[in-house]
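Biologist: I am new to this structure. Please show me how to read it, one feature at a time.

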Amino acid sequence: MVTPTTGSPYASYPGNMHIVNAADIALGKKEPDTLGVKALNDTTLEVTLTQPTSSFLAMLAHPSMVPLDKVLVTRYGDKWVKPEHFVGSGAYRLQDWVVNERIVAVRNPRYWDDKHTVINQVTYLPIRSEASDVNRYKAGEVDIVYTLPINQFSQLKKTLGDEVDVSPQLATYYYEFNTTRAPFNDVRVRRALNMALDKDIIAEKVMGQGQRPAWVISQPEIGGVKLHGPDYASWPRDKRIAEAKKLLAEAGFSESHPLSFNLLYNTSESHQRVAIAAASMWKKNLGVEAKLQNQEWKTMLDAMHTGNFDVVRYAWIADYDDASTFLNTFRTGDSENTAKYSNPDYDEALRDAAKAQDPAQRARDYQKAEDLLGRDVPAIPVYHYVRTHLVKPWVGGFTPDRLGYYYTKDMYIKKH
């Protein structure tokens, strides 16, 4: 993962865990064999850290840390994921994969807890359109729908009742700035756009599924700590907009010289709705012209990683239950820091939080980091997620956790 030639988007992750030499190896400054990880014997792995890391165990459970068969990957290169080559350690093994059509997995008799697994086969359908997904659910072709179209939510709740499952999720939707590109290298512009966005309306009216307006990048409650947004989050709306106008004027923008930029989002009905709402709020409140631009997911990710954007729609879904999962992505040099934000005080606050011996100290360090993000605004937090699914009444054991994960190995089918 940390070897630069792998090109892993999670190359910074072991460095954020403070594993010895991980950060330097990812930057090409040290050799991979100097990583502070080694197998002592067949059943013992030793990991050496540069400092205490309070979230270490939680971070270790992330999918990017799942062990892979080195022989397999070396032998087949990027074809190791084909069903005929693939070897995994999970409750299911890959039987069939037709790109853009389906993935079929069957029970793995070698799984350590196979005796508690009930379902023998699971099929995943990559359905791009949320509306098509719902139609196939209604036709009885799908048992679980991954996410619901915003514009159908109320109607589905009315007609399908308990089949609509809504659960809170540790995830934040935000608009990220390219802080290296003018005028977004000016903190006044970034803060003005944050202040003039009416997040209550986006969360409650545009989304309307239980989402909460966001003023922190992480979460108000996460990993046993509570965090709050900047002072201006609690101001009356009119006061916020007046301050935003003042900041834009100081940055050199006016009616005769309005701010204009491209707002990029990945193709999706819900992202489009949010983008239209945000653009109209900025226009009405500040006279700002946000031109909407959409791209397919992979193309948008390329644009982000090459810095080819003004402002981009993004989101972070927690990798583990701790604020650092969100905040690490804005550390100087992090592989996910596509905003190119850099602040030594911020980096120090996160290092201190990792060392903290108790939740109270960790909360103070994370609050300091969030305060700096509220002041510098490399990204505008828009709302905190809920996860919405449709689930057939005969599916038992469907219980998503706070990270949004649910596992087929925990589910069963009731008689119907």
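**Reading helix H13**

Modeller: Start with what is hidden in helix H13. Tyr346, Asp347, Ala349, Leu350, Ala353 and Ala354 are buried there. Keep in mind that this is a predicted model.

Biologist: Why do the buried residues of H13 line one face of the helix?

Modeller: Take the general idea first. An α-helix has 3.6 residues a turn, so residues three or four places apart point the same way. Now the case here. Look down the axis of H13: the buried residues fall within an arc of 160°, so they line one face.

Biologist: What covers the buried residues of H13?

Modeller: The cover includes helix H12 (324–327) and helix H14 (359–376).

Biologist: How many residues does H13 have, and what span does it reach?

Modeller: H13 runs over residues 344–355, twelve residues in total. From first C-alpha to last, H13 reaches 17 Å. That is close to the 16 Å expected at 1.5 Å a residue.

Biologist: Which residue caps the N-terminal end of H13?

Modeller: Asn343 does. One of its side-chain oxygens lies 2.9 Å from the backbone nitrogen of Asp345.

**Salt bridges**

Biologist: Next, charged pairs. How many salt bridges does the count come to?

Modeller: The idea is a distance rule: a side-chain nitrogen of Lys or Arg within 4 Å of a carboxyl oxygen of Asp or Glu. By that rule, the count comes to 17 salt bridges. One of them joins Asp322 and Arg362, with the closest N and O atoms 3.7 Å apart.

Biologist: Where in the chain do Asp322 and Arg362 sit?

Modeller: Asp322 is in the loop between strand E13 (311–317) and H12, while Arg362 is in helix H14. The two are 40 residues apart, and the pair links distant parts of the chain.

Biologist: Are Asp322 and Arg362 buried or exposed?

Modeller: Both are buried. Compare another pair, Glu289 and Lys283, whose closest N and O atoms are 3.2 Å apart. Glu289 is partly exposed, at 35% relative accessibility. Lys283 is partly exposed too, with a relative accessible area of 45%.

Biologist: Which residue forms a salt bridge with Glu141?

Modeller: Arg136 does, and the closest N and O atoms are 2.9 Å apart. Arg136 is partly exposed, with a relative accessible area of 32%.

**Backbone angles**

Biologist: Now the backbone. What should I look for?

Modeller: Look for departures from the general rule. Most residues other than glycine have a negative phi, and most peptide bonds are trans. Here the peptide bond from Ala182 to Pro183 is cis, with omega near 0°. Pro183 is in the loop between strand E7 (164–177) and helix H7 (187–195).

Biologist: What is the phi of Asn21, and where does Asn21 lie?

Modeller: Phi of Asn21 is near 70°, a positive value in a residue other than glycine. Asn21 lies in the loop between helix H1 (13–16) and helix H2 (22–26).

Biologist: And what of Val377: what is its phi?

Modeller: Val377 has a positive phi of about 45°, although it is not a glycine. Its place is the loop between H14 and strand E14 (379–391). Val377 counts as buried, at 0% relative accessibility.

**Domains**

Biologist: Last, the overall layout. Which domains is the chain divided into?

Modeller: Domain 1 covers 4–64 and domain 2 covers 168–386. Their C-alpha centres lie 29 Å apart. The contact takes 15 residues from domain 1 and 17 residues from domain 2.

How values were computed
Residues numbered from 1 in each chain as written. Predicted model: local features only at pLDDT ≥ 70, side-chain atom pairs only at ≥ 80, totals over all residues. Heavy atoms only, no water. Helix = DSSP H or I, 4+ residues; strand = E, 2+ residues; numbered from the N terminus. Expected span 1.5 Å × (residues − 1). Buried < 20%, exposed > 50% of the residue type's maximum accessible area, 1.4 Å probe, protein only. Arc of directions from axis to C-beta. Contact = heavy atoms within 4.5 Å. Polar contact = N/O pair within 3.5 Å; in protein donor to acceptor, adjacent residues only side chain to side chain. Domains from an automatic or database assignment.
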